Amino acid sequence: MESSGTTRRQATRQRLYEAAVTLIAEKGFSATTVDEIAERAGVAKGTVYYNFKSKTELFEELLRHGVGLLTASLRAAAEESAERGGTRVEALDAMIRAGLAFIDRYPAFTQLYVAELWRTNRAWQSTLLVVRQEAVAVVEGVLRDAVESGELSEEIDIPLTAAALVGMVLVAALDWQAFQPERSIDEVHSALSLLLHGRVSGH
């Protein structure tokens, strides 16, 4: 059983993450100050430093936290699909939907993550690569099972295919949010599902 102190601290951290992610998505990392993060989260500046040694550490933890949530939702989608007796390809389909739902829920975090992924020489670059690999590894695991069970061809390059699937979901979802917000998650999911099933070529 968690103590009320622990729960309270987690709630504070959650507020700080949300405040930081919104501000950094709006203004960029360098232009965002700890004062602004504290103000947006409705806490004293000292509270930020009590929870995180620096703005860089806050941001690094933010990336871990966000990608951790994404990884957990991908894993849960794959497990639920397997429990229903679905194929591995159906599990991948469920993961695409889970990814879209995550991005729909955390659009600012996703924008931030995608932008940071391509920047180099940042203090958190190594953290980012580790958490990215954790998310991609979930997809790789399902692809590997699909190849072993004969559902997918042995010719597929598992690491690249996993990265491509994750990339497709991220970019398509950001495009959906920015340029086609009138579409439903079902429409976006079925378009990506057609790609997954290789039915775009009309065969």
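This is a predicted model: local features need pLDDT of at least 70, side-chain atom pairs count only at pLDDT 80 or more; totals for chains, interfaces and linings use all residues.

Me: How many helices and strands does the protein have?
Reply: Helices (H or I, at least four residues) and strands (E, at least two) are DSSP runs, numbered from the N terminus. From that terminus on, the elements run α-α-α-α-α-α-α-α-α. The count is 9 helices and 0 strands.

Me: What box do the C-alpha atoms fill, and what percentage of the residues is buried?
Reply: Taken along the principal axes, the box of C-alpha atoms is roughly 60 × 40 × 35 Å. Buried means under 20% relative accessible area, exposed over 50%, and partly exposed in between (1.4 Å probe, protein chains only). Of the 203 residues in the protein, the buried share is 40%.

Me: Among contacts between residues at least 6 apart in sequence, what percentage joins residues at least 24 apart?
Reply: Contact means heavy atoms within 4.5 Å. Among contacts between residues at least 6 apart in sequence, the share that joins residues at least 24 apart is 65%.

Me: Which helices do the buried residues of α1 pack against?
Reply: Helix α1 has 24 residues and reaches 34 Å from its first C-alpha to its last, close to the 34 Å expected at 1.5 Å a residue; the expected span is 1.5 Å times one less than the number of residues. Its buried residues are T12, L16, Y17, A19, A20, V21, L23 and I24. After α1 comes G28, with a positive phi near 95°. The buried residues of α1 pack against α2, α3 (45–51), α4 and α6.

Me: Where does α7 bend?
Reply: The 24 residues of α7 (residues 125–148) should span 34 Å at 1.5 Å a residue, and the end C-alpha atoms are 33 Å apart, which agrees. Just after this helix, G150 takes a positive phi of about 85°. A bend is the angle between axes fitted to the seven residues ending at a residue and the seven starting there. In α7 a bend of about 25° is found at V136.

Me: Which residues does V139 contact, leaving aside its neighbours within four places in sequence?
Reply: V139 is one of the core residues that touch the most other members. Leaving aside neighbours within four places in sequence, its contacts are L74, L92, M95, A162, L165 and V166.

Me: At what angle do the axes of α4 and α5 cross?
Reply: Axes are lines fitted to C-alpha atoms, for helices over the stretch in contact, and angles run from 0 to 180 degrees between N-to-C directions. The residues that make this contact include G66, L69 and L70 of α4 and E90, A91 and A94 of α5. The axes come within 8 Å and cross at roughly 145°.

Me: How near do the axes of α5 and α9 come?
Reply: These axes cross at roughly 145°. The contact is made by residues including V89, L92 and D93 of α5 and I185, D186 and V188 of α9. The axes come within 10 Å.

Me: Is I103 buried or exposed?
Reply: I103 has its place in helix α5. Not counting residues up to four places away in sequence, I103 touches T110, V169, L170, A173 and Q177. Because its relative accessible area is 2%, I103 is buried.

Me: Is E155 buried or exposed?
Reply: E155 lies in the loop between α7 and α8. Its C-alpha atom and that of A173, 18 residues apart along the chain, are separated by 28 Å. Because its relative accessibility is 77%, E155 counts as exposed.

Conventions
Residues are numbered from 1 along each chain as its sequence is written. Side-chain values use heavy atoms; hydrogens and water are left out. A nonpolar core is a set of buried Ala, Val, Leu, Ile, Met, Phe, Trp, Tyr and Cys residues joined through side-chain atoms within 4.5 Å.
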